[in-house]
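Thank you all for making time this morning.

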Amino acid sequence: MLSKVQEDRQKKMQAIDELGLDPRGWRYDNVEPAAEIKAGFIEDAEEGSQSARAAGRIVLFRDMGKMMFATLRDSSGQIQIALRKNILDETTWALAKNLDLGDIVGADGPIHRTRTGELTIWATSLTMLSKSLRPMPEKFHGLSDVEIRYRQRYLDLMTNPDSMATFKKRIEIIDLIRETLRGRRYMEVETPMMQSIYGGAAARPFVTHHNTFDCDLFMRISPELYLKRLLVGGMERVFEINRNFRNEGVDTSHNPEFTMMELYEAYADYNVMMEIAEDLFCDAAEKISKPALIAQRDRKLTEIAQIETDAQRVLNNKRSPLSDEEKQAEHDKRMARHAEETAAFPESPLAKAAAACEAGGLVLSYGEILLDFARPWTRAKYADLLQEHAGVSMDDVPAVRAKARELHIEEEKLDDAVVINEVFEATVEDHLVQPTFVCDYPAAICPLTRRDPNNPDIALRFELFAANMELANAYTELNDPEIQQANLAGQLKGEEDETMRVMDEDFITALEHGMPPAGGMGIGIDRMVMLLTDSQSIRDVVLFPLLRPITDDAPTEEPQDAPAE
């Protein structure tokens with residue numbers, strides 16, 4: 001059953017159709033992005049000498065009788081158009097009278113500024129491109145309902161420029177990764193997403209079934225073992241940006257379907273991987289995050305300044321229905337807010353990070369944290385961090401188990417290495433705020449990693465942490481087939497079905513043909529984007545995150561059209 005709002009819009013669509021116009025639109029060529037129109041405008045050019053053609057969704061609409069103003073938003077930004085009865089023909093003016101917020105239209109005409117300074121297309125033509133039959137969210141400038149933002153991402157993108165900007169940055173970050181790796185002579189490859197044997201990570205897989213072969217297959221949890229096969233085959237530097245699937249919990253830093261970048265380089269080791277990790281993160285921070293951070297700071301300063309301007313307008317508004325005393329009270333209220341924000345903003349993480357960047361540093365804000373990306377990043381030993389924060393030695397198993405009991409970790413049925421890592425995660429990771437490479441893990445929990453030649457109990461592995469999140473995992477790769485086979489055949493108590501120890505005989509066969517010594521690394525793209533865009537949840541950087549299906553059949557309230565602005 002249609003709501004009143006939908007019925008009204010259906011009638012307007014019918015009216016447009018009766019005008020002989022298609023309410024769904026057709027091809028519309030030579031559209032210029034709003035941002036390019038604004039950037040290309042010449043301020044001192046003769047009025048009427050410049051023109052533009054724009055298309056976008058109406059997010060603001062003011063009907064002033066014989067003139068209308070509409071703000072169109074496209075993927076680059078927004079621009080105002082002016083519609084005048086004495087300029088448009090009768091049919092086009094009738095079309096304008098049937099427009100709503102959310103409609104997609106095209107307009108072209110000369111461009112110049114209004115008396116208030118707003119760059120505007122003074123439309124000589126107007127084209128309906130798509131009639132919206134549902135209202136936009138009431139607050140056109142962005143959704144506040146997080147559930148709707150994630151479940152109906154199209155509403156989020158059409159109403160929230162910050163969300164659009166985040167996903168554009170994600171694309172730029174991935175493009176920069178590709179550019180950097182190709183500059184290092186890496187080849188981008190593709191490996192299977194459905195695998196008969198899963199491996200390469202400690203995770204529970206999703207299972208599917210292939211009808212023709214009548215066999216179960218696993219959605220990949222990692223491309224690692226296939227990428228290493230390519231090293232064996234002679235592809236000496238390979239990388240893949242891929243989707244992985246892990247049947248695990250969901251929280252602010254985990255989504256069961258996620259994007260990973262994995263790379264492998266022959267004749268390298270985990271020290272080379274550290275250099276590459278620094279390059280990838282710091283290049284993206286310098287080229288993408290830093291300019292965006294400074295621009296965000298400038299926008300905030302403009303917003304604060306606007307509070308004072310608006311306060312003065314309240315006081316000077318001769319048409320206001322408010323009395324002089326009421327106008328003064330409203331003015332004073334706004335000025336108090338202006339003073340409060342002016343005093344507080346310089347102490348905000350955003351302002352401090354922007355100031356540090358302008359002073360030549362590379363500092364980003366992440367929530368309330370300031371992250372210093374200055375190189376080289378800290379290299380810290382796993383054992384040293386455990387001693388520092390848990391107060392126990394990795395070699396003192398009874399002390400580690402006592403600490404585990406103190407932390408209420410049920411350690412009785414767990415192998416020693418698993419208990420050590422449980423204690424590490426419980427006591428150390430909350431302290432890993434600044435970018436830090438945690439190096440040299442217990443060998444027993446790293447079956448795919450080469451051992452330290454001076455201490456076989458230590459694996460040449462690092463994990464990269466920042467803002468208390470694991471961002472990357474890298475090894476000096478194990479290439480001894482006998483040791484690899486033994487490692488995969490073993491089992492640690494406590495790993496259960498979330499283990500790397502899944503035997504893959506073909507992978508062992510590949511190693512027996514000889515794999516060059518190598519370094520390998522995986523970087524979680526979603527978390528990398530979180531860090532570089534100051535996004536506090538993985539769902540903010542994944543266009544369509546996995547959500548629990550809606551089972552409640554109760555009707556939802558239809559939003560009402562927002563009033564014309």
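Let me begin with a definition: two strands are said to pair if DSSP finds at least two bridges between them, and the strands themselves are DSSP runs of E with at least two residues, while helices are runs of H or I with at least four residues, both numbered from the N terminus. What you see is a predicted model, in which local features need pLDDT of at least 70 and side-chain atom pairs count only at pLDDT 80 or more, whereas totals for chains, interfaces and linings use all residues. Residues are numbered from 1 along each chain as its sequence is written, and side-chain values use heavy atoms, with hydrogens and water left out.

With that in place, consider strand β2, residues 67-74, which is joined to β3 by a hairpin of two residues, and which pairs with β3 in the antiparallel sense over eight bridges. Within that pairing, M68 stands opposite L83 of β3. Strand β3, residues 77-84, also pairs with strand β5, residues 119-122, but here in the parallel sense and over three bridges, with Q80 placed opposite T120 of β5. How many of the eight residues of β3 are buried? Six of them are, where buried means under 20% relative accessible area, exposed means over 50%, and partly exposed lies in between, using a 1.4 Å probe and protein chains only.

Elsewhere there is an open sheet of three strands, in the order β8-β10-β9, with antiparallel pairing. Its edge strands, each pairing on one side only, are β8 at 194-195 and β9 at 207-210. Strand β9 pairs with β10, residues 215-219, over four bridges, and H209 has D216 of β10 as its bridge partner.

Turning to helix packing, axes are lines fitted to C-alpha atoms, for helices over the stretch in contact, and angles run from 0 to 180 degrees between N-to-C directions. The axes of α14, residues 481-489, and α15, residues 505-512, come within 9 Å and cross at roughly 165°. These two helices are therefore roughly antiparallel, given that angles over 145 degrees count as such, under 35 as roughly parallel, 65 to 115 as roughly perpendicular and the rest as oblique. Their crossing is right-handed, meaning that the near helix is turned clockwise from the far one by less than a right angle, anticlockwise being left-handed. On the α14 side, P481, Q484, Q485 and L488 meet E505, F507, I508, L511 and E512 of α15, contact meaning heavy atoms within 4.5 Å.

The second pair is α11, residues 382-390, with α13, residues 416-427, packed at an angle of about 60° with axes 10 Å apart. That angle makes α11 oblique to α13, and the crossing is left-handed. Among the residues that make the contact are Y382 and L385 of α11 and I420 and F424 of α13.

Is H338 buried or exposed? H338 is buried, at 13% relative accessible area, and, leaving aside neighbours within four places in sequence, H338 is in contact with I304, A305, I307 and E308. R337, by comparison, counts as partly exposed at 47% relative accessibility, and the C-alpha atoms of R337 and A311, 26 residues apart along the chain, are separated by 10.0 Å.
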